[in-house]
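Me: I have a model open and would like to learn how to read its surface. Could you walk me through it?

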Amino acid sequence: SWTDVTTTREDPGRSDRADESCLSLFQAIRSGLAEAQRVAGGSGTEEEKAEAQIEVQVYEALQAALKA
């Protein structure tokens, strides 16, 4: 959860869990983006491609927000 991102002095291991959680989130976004790009550029229906293009935009926005 997002609350795991913050760390406290009382629990130094919490920082490691936060790092793992962030890494997992980045990997999920990267994976989702790759899949959406594959579908958007594939031979599916126009509706599938349009939905995938929206997903691409969302994943790219998430990546940009997390890099900021």
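Reply: Happy to! Of the 68 residues of the chain, 12% count as buried, where buried means under 20% relative accessible area, exposed over 50%, and partly exposed in between (1.4 Å probe, protein chains only). This is a predicted model: local features need pLDDT of at least 70, side-chain atom pairs count only at pLDDT 80 or more, and totals for chains, interfaces and linings use all residues. Residues are numbered from 1 along each chain as its sequence is written, and side-chain values use heavy atoms, with hydrogens and water left out.

Me: What does the secondary structure of the chain come to?

Reply: Helices (H or I, at least four residues) and strands (E, at least two) are DSSP runs, numbered from the N terminus. Here there are two helices and zero strands.

Me: Where does Glu48 lie, and is Glu48 buried or partly exposed?

Reply: Glu48 belongs to helix α2, residues 46-67, and is partly exposed, at a relative accessible area of 42%. Its C-alpha atom is 9.8 Å from that of Ala36, twelve residues apart along the chain.

Me: How is Leu62 placed?

Reply: Leu62 is also in helix α2, partly exposed with a relative accessible area of 37%.
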